[in-house]
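Subject: Handing over a structure, with notes

Dear colleague,

I am passing on a structure for you to look through, with my notes below it. Please keep the view open while you read, and turn to each part as it comes up.

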Amino acid sequence: LTTLSMLLSLSPNFYYSDLLVRLEGNNVASGQQTHQGFEADIIIWDFQSRQELRRFKLHKVKVQALAFSPSDMFLASLGGVDDGQLAMWDVDNGKALCSARTRDGRGGQALTVAFCNHNDSTWWG
């Protein structure tokens, strides 16, 4: 509740679709939900100072799910039904490392993303 209250006080007009605390505990990732035709941002916040550290832009309308890698070096993000993209980010430099479509146009979509066990290189969406 403290994390949510903190983020809401920083950006009262920001509609959150997902919140995730980094394993080391000092950062929070938030995903945005917007309206049709608008980008949905991902923001990395410093929990103690309550300052925005990074802002990632790739998804449209909604960030469905977020997952930090076991080492906290990477962030996986999954766009909502209007976006259909899965992306991998370098948390420290804010760059997208890769992205891929999550559906083939015949229906169905991914709803969550997670890393396997304690390995940064194994994940699924």
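Strands S7 and S8 run antiparallel and are joined by six bridges; strands here are DSSP runs of E with at least two residues, numbered from the N terminus, and two strands count as paired if DSSP finds at least two bridges between them. In S8, Ser99 is the bridge partner of Ala87.

Before going further, please note that this is a predicted model, in which local features need pLDDT of at least 70 and side-chain atom pairs count only at pLDDT 80 or more, while totals for chains, interfaces and linings use all residues. Residues are numbered from 1 along each chain as its sequence is written, and side-chain values use heavy atoms, with hydrogens and water left out.

The sheet

S7 and S8 belong to an open sheet of four strands, in the order S5-S6-S7-S8, with antiparallel pairing. Its edge strands are S5 and S8 (95-101), each of which pairs on one side only. On average, neighbouring strands of this sheet are turned by 20° against each other, direction ignored, where the axes are lines fitted to C-alpha atoms and angles run from 0 to 180 degrees between N-to-C directions.

The nonpolar cores

Which residues make up the largest nonpolar core? There are 12 residues in all, among them Ala29, Ile42, Phe68, Ala87 and Trp89. A nonpolar core is a set of buried Ala, Val, Leu, Ile, Met, Phe, Trp, Tyr and Cys residues joined through side-chain atoms within 4.5 Å; buried means under 20% relative accessible area, exposed means over 50%, and partly exposed lies in between (1.4 Å probe, protein chains only). Strands S3 (39-46), S5 (63-68) and S7 (85-90) each supply at least two residues of this core. Apart from it lies another core, of 10 residues, including Leu86, Met88, Ala110 and Val113.

The salt bridges

The structure holds four salt bridges, a salt bridge being a side-chain nitrogen of Lys or Arg within 4 Å of a carboxyl oxygen of Asp or Glu. In one of them, the side chains of Glu39 and Lys57 meet at 3.9 Å, N to O, and this pair links distant parts of the chain, since Glu39 is in strand S3 and Lys57 in strand S4 (residues 51-60), 18 residues apart. Lys57 also meets Asp41 in a salt bridge, at 3.1 Å, N to O. Is Asp41 buried or exposed? Asp41 is buried, with a relative accessible area of 5%, whereas Lys57 is partly exposed at 45% and Glu39 is partly exposed at 43%. A further salt bridge brings together the side chains of Arg55 and Glu52 (2.9 Å, N to O). Through salt bridges that share partners, Glu39, Asp41, Glu52, Arg55 and Lys57 are joined into one network.

A contact at Gln32

Asp41 also takes part in a contact with Gln32, whose side chain reaches the backbone nitrogen of Asp41 at 2.9 Å. Gln32 lies in strand S2 (residues 27-32) and is buried, with a relative accessible area of 11%. Although Gln32 and Lys60 are 28 residues apart in sequence, they are 9.4 Å apart in space, C-alpha to C-alpha.

With best wishes

Terms used:
A polar contact is a pair of N or O atoms within 3.5 Å; within protein, one must be able to donate a hydrogen and the other to accept it, and residues adjacent in sequence count only if both atoms are side-chain atoms.
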